[in-house]
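Good morning, and thank you for coming. I would like to take you through one structure today, beginning with the sequence and the model on the screen.

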Amino acid sequence: MEASFFYQDNDPKHTALNVCLWCVYNSPQNSKTPPKSPDLNPIEHICREMEVRVRKHDIKTKSELKTVMIAEWLNIDAEITKKVMKYIAKRLKAVVDAKGYPTKY
């Protein structure tokens, strides 16, 4: 069986005893980062883009919200995701240099 690598962001719900025990037995290679770190989580930037786009609409119902969210998700250009991913290495270095403390990102 190949060893797995677990990315741990230290969010309180991820540090519960049962989660920690699972990690010990199932994923001995564990990378710890600051909780909920937008510096290292590209989806945070995509979610922000979605929020900006969705707020431009005058939404009255849950159904409208769902329709708008699906439409806006499908309209996110690949260039946006490429741009976010392009800077991940830079963000990783900044977090390492800051020893886990906040960075400019």
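Let me first define a term: contact, or touching, means heavy atoms within 4.5 Å. What you see is a predicted model, in which local features need pLDDT of at least 70 and side-chain atom pairs count only at pLDDT 80 or more, while totals for chains, interfaces and linings use all residues. Residues are numbered from 1 along each chain as its sequence is written, and side-chain values use heavy atoms, with hydrogens and water left out.

I begin with confidence. The pLDDT, the predictor's confidence in each residue on a scale from 0 to 100, averages 78 over the chain, and 70% of the residues score at least 70.

Now the layout. The chain contains five helices and two strands, in the order β-α-β-α-α-α-α from the N terminus. Helices (H or I, at least four residues) and strands (E, at least two) are DSSP runs, numbered from the N terminus. Of the contacts with a separation of 6 or more, 51% join residues 24 or more positions apart.

Next, the interior. Buried means under 20% relative accessible area, exposed over 50%, and partly exposed in between, with a 1.4 Å probe and protein chains only. By that rule, 20% of the 105 residues are buried. A nonpolar core is a set of buried Ala, Val, Leu, Ile, Met, Phe, Trp, Tyr and Cys residues joined through side-chain atoms within 4.5 Å. The largest such core has six residues: Ile-46, Met-50, Val-54, Val-68, Ile-76 and Val-84. Helix α2 (residues 42-55) gives the most to this core, namely three residues.

Which residues does Arg-53 contact, leaving aside its neighbours within four places in sequence? They are Glu-72, Asn-75, Ile-76 and Ile-80. Arg-53 lies in helix α2 and is buried, since its relative accessible area is 16%.

Is Glu-72 buried or exposed? Glu-72 is buried, because its relative accessible area is 13%. The Glu-72 side chain makes a polar contact of 2.8 Å with the side chain of His-57. A polar contact is a pair of N or O atoms within 3.5 Å; within protein, one must be able to donate a hydrogen and the other to accept it, and residues adjacent in sequence count only if both atoms are side-chain atoms.

Finally, I turn to a helix pair. Two packed helices are described by the angle between their axes and the distance between the axes. Helices α2 and α4 (residues 78-86) pack at about 145°, with their axes 9 Å apart. Pro-42, His-45, Ile-46, Glu-49 and Arg-53 of α2 meet Ile-80, Thr-81, Val-84 and Met-85 of α4 in this contact. Axes here are lines fitted to C-alpha atoms, for helices over the stretch in contact, and angles run from 0 to 180 degrees between N-to-C directions.

Within α4, Thr-81 is partly exposed, because its relative accessible area is 32%. Thr-81 and Ile-46 are 35 residues apart in sequence, yet 7.3 Å apart in space, C-alpha to C-alpha.
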